[in-house]
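I set out to read this structure from the whole chain down to single residues. My entries follow in the order in which I looked things up.

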Amino acid sequence: QDDGNPTLISAMTITQAATNSATLADWTQSIAGALLTDGATTLAASAINPTNIQFTGINTATLGLVADNATKTYSLKIWLKTALGGTLPTTIDGKGFGFEILTSGVTASTSGTGLLPGQIQNSGSADVVTVVASKLNFITPSAPTNASVNVAIPNILIEAVDNNGTRDLDYS
């Protein structure tokens, strides 16, 4: 907004968008960390909660500074836990995260202005998790001790997993 004052953002909360998969409803089971960046300055998340990621203590002289009558693009970067919670080790492949920020999720200092009420920005279609298998595990029964060429081994169930043991659901 052209009012002669910059917008000074000191905190942001990013929440789950409608595109977030129900399987990923509790972000504390999947997200290990998050970064907020404007391309020049980066800040680590202060909290990762079940349905939101919080960034507090944003420096209003750098990352939180939006010049008067200007815009700023922020990027969110996340990484996943190596040991996923709940059923995620066997279900996360192909599921999508959806991220959203509302005007109410932005804390701006009173000396700066420019936030318009009711604004929403989201990541659009979900950011999909892709698990790439690096090994095969015998599920049931245990791995065969004897095998011969052209002899069927009954009731073998195998899963394809990555280095963290996360199942690749579309491996063929």
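This is a predicted model: local features need pLDDT of at least 70, side-chain atom pairs count only at pLDDT 80 or more; totals for chains, interfaces and linings use all residues.

**Entry 1: the residue at position 69**

N69 has a positive phi of about 60°, although N69 is not a glycine. I located N69 in the loop between β6 (65-66) and β7 (75-80). Is N69 buried or exposed? Its relative accessibility is 53%, so I noted N69 as exposed.

**Entry 2: the chain as a whole**

I then counted the elements and found 1 helix and 14 strands in the chain. Of the 172 residues, 27% are buried. I looked up the accessible surface of the chain, which comes to about 9800 Å², and 52% of that surface belongs to carbon and sulfur atoms. I also looked up contacts between residues at least 6 apart in sequence: 67% of these join residues at least 24 apart.

**Entry 3: the nonpolar core**

Which residues have the most contacts inside the largest nonpolar core? I found M12, I53, F55, I58, I92 and F97, in a core of 22 residues. I traced this core to the strands and noted that β1 (7-16), β2 (31-37), β5 (52-56) and β9 (99-102) each supply at least two of its residues.

Leaving aside residues up to four places away in sequence, I listed what F97 touches, including N20, L24, W27, I31, I78, L80 and V129.

**Entry 4: aromatic rings**

For W27 and F99, the ring centres are 5.2 Å apart and the planes stand at 45°, so I recorded the pair as tilted. W27 lies in the loop between β1 and β2, whereas F99 lies in strand β9, so this pair ties together parts that are 72 residues apart in sequence. Both W27 and F99 are buried.

For F97 and F99, I found the ring centres 5.9 Å apart and the planes at 10°, so this pair is stacked. Both F97 and F99 are buried. I concluded the entry with the grouping: W27, F97 and F99 form one aromatic cluster.

**Entry 5: salt bridges**

How many salt bridges does a search of the whole structure find? I noted 2.

One joins the side chains of K72 and D38, at 3.0 Å from N to O. K72 lies in the loop between β6 and β7, and D38 in the loop between β2 and β3 (42-44), so the pair ties together parts that are 34 residues apart in sequence. I recorded K72 as partly exposed because its relative accessibility is 26%. D38 is likewise partly exposed, at 22%.

In another salt bridge, the side chains of R167 and E159 meet at 2.7 Å from N to O. R167 is partly exposed, with a relative accessible area of 28%. E159 has 13% relative accessibility and therefore counts as buried.

**Entry 6: a surface patch and the end of the chain**

I looked for nonpolar residues on the surface and found a patch formed by L136, F138, I158 and Y171, with about 410 Å² of accessible area together. L136 lies in strand β13 (residues 135-140) and is partly exposed, with a relative accessible area of 49%.

My last entry concerns S172, which is found in the segment after β14 (157-161). S172 counts as exposed because its relative accessibility is 86%. I noted a separation of 9.9 Å between the C-alpha atoms of S172 and A133, which are 39 residues apart along the chain.

Terms used: Residues are numbered from 1 along each chain as its sequence is written. Side-chain values use heavy atoms; hydrogens and water are left out. Helices (H or I, at least four residues) and strands (E, at least two) are DSSP runs, numbered from the N terminus. Buried means under 20% relative accessible area, exposed over 50%, partly exposed in between (1.4 Å probe, protein chains only). Patches are made of residues with over 30% relative accessible area and no salt bridge: like charges are joined within 9 Å, nonpolar side chains (Val, Leu, Ile, Met, Phe, Trp, Tyr) within 5 Å. Accessible areas come from the Shrake-Rupley method with a 1.4 Å probe; for residues, only the protein chains shown count as cover. A salt bridge is a side-chain nitrogen of Lys or Arg within 4 Å of a carboxyl oxygen of Asp or Glu. A nonpolar core is a set of buried Ala, Val, Leu, Ile, Met, Phe, Trp, Tyr and Cys residues joined through side-chain atoms within 4.5 Å. Contact means heavy atoms within 4.5 Å. Rings of Phe, Tyr and Trp (its six-membered ring) pair if their centres lie within 6.5 Å; planes under 30 degrees apart count as stacked, over 60 as edge-to-face and the rest as tilted.
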